[in-house]
Amino acid sequence: MPTTAHVISCIQKLVLYETRARYFLVGSNHAETKYRVLKIDRTEPKDLTISDDQHVYSQQEVRELLGRLDLGNRTKMGQKGSSGLSRAVSAFGIVGFVQFLEGYYIVLITKRRKMADIGGHAIYKIEDTNIIYIPNDSARIAHPDEARYVKIFQSVDLSSNFYFSYSYDLTHSLQYNLTILKTPLETLKPEVVPHARQEGFDIFEAECLSSNGDNVVFGISSKPCAKYVWNLQLLDKIADTVHRDWILHIIHGFCGQSKLLIYGRPAYLTLIARRSSKFAGTRFLKRGGTCEGDVANEVETEQIVHDASVMSFSSGSYSSYVQVRGSVPLYWSQDISTMMPKPLIKLDRADPFAHVAALHFDQMFHRFGSPIIILNLVKKREKRKHERILSEELFAAVTYLNQFLPPEHHIHYIAWDMAKYTKSKQFNVLDRLSIIAEDVVRKTGFFVNRPDFYCHTLRPDEKWNNQGGLTTSCGRLQTGVLRTNCVDCLDRTNTAQFMVGKCALAFQLYALGMIDKPKLQFDTDAVRLFEELYEDHGDTLSVQYGGSQLVHRVKTYRKIAPWTQHSKDIMQTLSRYYSNAFSDADRQEAINLFLQVFHPSDANNPLWELASDYCLHHKDTAVLQHSKRSYTFWWTSEVLQHLPLPYDEVFSAENKEHMVVKKYHAYDEEIDTYTEFWRPCELSSLDETFCLAMTHSAREITIPKNVGKDPSPFTVRKPEESMKSVLGNKVNKEETILQRKTAASAPPPPSEEAVSSSTEDDSGTDKEEDGSISQRSTPVKITDTSDSSKIPDESSRSTVNAYCSSLVSLPSEDDLLIYERFVQLGENQHKIDQTTQVPGSRCLRNITNLMLCGSRNFSWHLSDTSSVYYHLSCLLLRSLMSTSTKSYAQPSSLGSCFLIFL
């Protein structure tokens, strides 16, 4: 039994009740066995007054409490006509509290969708929210600009790519979350909780925990990384006054999960992207870095592979790899007032001592350790100096910083002009990226929570033995990180990250014992699934920052993209240009307001009247800094002492302050992941329990005979033999993505059963039904794309073989005559012009004669006449559709003909 575990939040369902003077927010766990109550005052016009009694209620107690509140708030005792306590809304979490120029609003999550599962810890996507004004009408002081601020705030679409979890810290990597569980027990100091009723007194905590050590489990909850929390400022008002179970941190970015089926052994592949909330914004309005070391478009991408047959963190096999993208850490920008497709790049401030880069890389040492590897994809040779300005300045900054670092911790700088290699016919871009990826993964290593297999020692692999990182008795740790950038950190960066991730994925699968060599090839099911995830990931991040999806994809750089891709690229370029020119300013205002970078006040100018938000993000322009960092010792001394380990994962006194430790009984609901995931004490249907329909490699697979019968997802299959349309069905998907303003991180529009709605149930809380995890399915069924209007001997024979290979008996001539008779009856039911009737009947007779003649030449393998009719109708419809250029028959006639035949 594990001695440490992650703490599960006891507030997963919320119901907001209202009276004229108060709001009562009742929260409970999913099993509805523990309740907490918040009281919110509605009489204060501009102040937020919240009281938490810190009491844990049972279901009976909370019913009695609500009954007394209902009775006490009626106008007359015993009156039953109108209730004094009414139910306002049900929810699944609190986003936060926000104030503009009037009173406070509360933002609640009213719909959620389960997107992924890691070790029994569910990750949800926000589907819908509700913003509620707290003060009542009598206390409200109206302001003319309030409605405009509310509209700007609501323009941040919280249903687009915002994620949260009740038990898993999404702001940290899997390596961090599992490392804190390895904290030595002698260093853990549980928080002092008096044995009082208001703290949820438990008989197990009073008796068993103190006497029997076998029943003790230390519940650990860590402080989130503030950089990746998007509602941190919205929760600031209540963070110190309410119980921590009320606090729910959300991230912005991407989350997707797929399933590999390896000869019956399931493996989950999860991709999580965390977008930084510091210096966040849109493409041309947020470039470079700030005086605090934060850069624009900074995203941390983590790929997680785990054996799905074992769910527990303590017993299962888990592996992860992290890489980062972000703008070039310099003071630079682009002027968009000229309406040019590529505005000129200019350096805003001179930075001879690389102040921005020093702070930025110090943050990276703190979080990731060493080595820090920079992959700079910016152009190096240009007729007119444009991107080369950034490349030269970044190289100078890295050279300056490296001269003060110890040689073993130098920042590695790799400059590669990817655009130049793409235009050249002599070089293969992905081959060059593969070489870089192998070198990067060898230096940084990756995380795996289990020791190496003995077979790796018996059959050593050269690549495996040269792996970097840190090897321990419990597994391997990733030390250091790859930081990739181009100018926008979108198209080129996503392809480079995919290649590095593909290389790391091979090592991860090898470490988990799923492949015999740490190498993956293109055109395998595993790589196709991974490529889909990364394209969805790239589309999502591109829409968030650039306003459109990716222009250049992996297939573009492989030079196997279809000719229709060029027109799509042009449309994406135009969409990106339009978004940057006309809508980015409004989006930037909304982000600044949501993140509370701008605080509305009567003393200041309104948000929409600001000429620029430069002073909001660069604090050194408004406040004079009294202390300056050293120009030579630019790093944090404590961080450098523990390198190559990241300082966040070191067992230090400072890091212990960021953890909350509490003793629990082994079967307490707050640390029992098994009960939280499976819920054995609840009455549930199989559809609800097994509702996750993620993308996986073995769904609807039809392997051709010439490929063999190997269902392995690591078998190379030619594009014409399997899964032609893995990424070919992008047109409809892209339209759906653009309409929903999200790039495929959300599943298709949900049905009523697939979304957790909060408006149906009258009991204290609502029931939830999870939707599908993944938004894309991998079509692996072979489809025939030949033109059925041209049917020569050989092609018709192969076509009918493809559709009738399972038929074993020859249909009788009587059946075929009956079929022809039904076709003629269908024609005669409608009055058709003589000009169209003759060609139409002639076409149908020709098709029938063709099937009648062809049936004598083919061998059939099925005696079921209905199957024969089905395949013949398929041929009929194909032939009719192929003649659409000449309208041989009216649509109504064709439809009635087919219906009568059925």
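Are Trp464 and Tyr510 buried or exposed? Both Trp464 and Tyr510 are buried (under 20% relative accessible area, with a 1.4 Å probe and protein chains only).

1. Basis. This is a predicted model, in which local features need pLDDT of at least 70, side-chain atom pairs count only at pLDDT 80 or more, and totals for chains, interfaces and linings use all residues. Residues are numbered from 1 along each chain as its sequence is written, and side-chain values use heavy atoms, without hydrogens and water.

2. Ring pairs. The whole structure holds 29 aromatic pairs. The rings are those of Phe, Tyr and Trp (its six-membered ring), with centres within 6.5 Å; planes under 30 degrees apart are stacked, over 60 edge-to-face, the rest tilted. One of the pairs is Phe446 with Trp464: tilted, 6.0 Å centre to centre, 50° between the planes. Phe446 sits in the loop between α8 (429-444) and β20 (447-448), and Trp464 in helix α10 (residues 462-465), 18 residues apart. Helices (H or I, at least four residues) and strands (E, at least two) are DSSP runs, numbered from the N terminus. Phe446 is buried at 2% relative accessibility. Trp464 is also at 2%.

3. Trp464 again. Its ring pairs with Tyr510 at 5.1 Å between centres; the planes meet at 65°, so this pair is edge-to-face. Tyr510 lies in helix α11 (residues 491-511), so the pair ties together parts 46 residues apart in sequence.

4. Cluster and charges. Ring pairs link a cluster that includes Phe100, Tyr133, Trp230 and Trp608. Arg148 lies over the face of Trp608, 4.1 Å from the ring centre (CZ of Arg or NZ of Lys within 6 Å of the centre and within 35 degrees of the ring normal). Elsewhere, the charged end of Arg558 sits over Phe522, 4.2 Å from the ring's centre.

Notes
Buried < 20%, exposed > 50% of the residue type's maximum accessible area, 1.4 Å probe, protein only.
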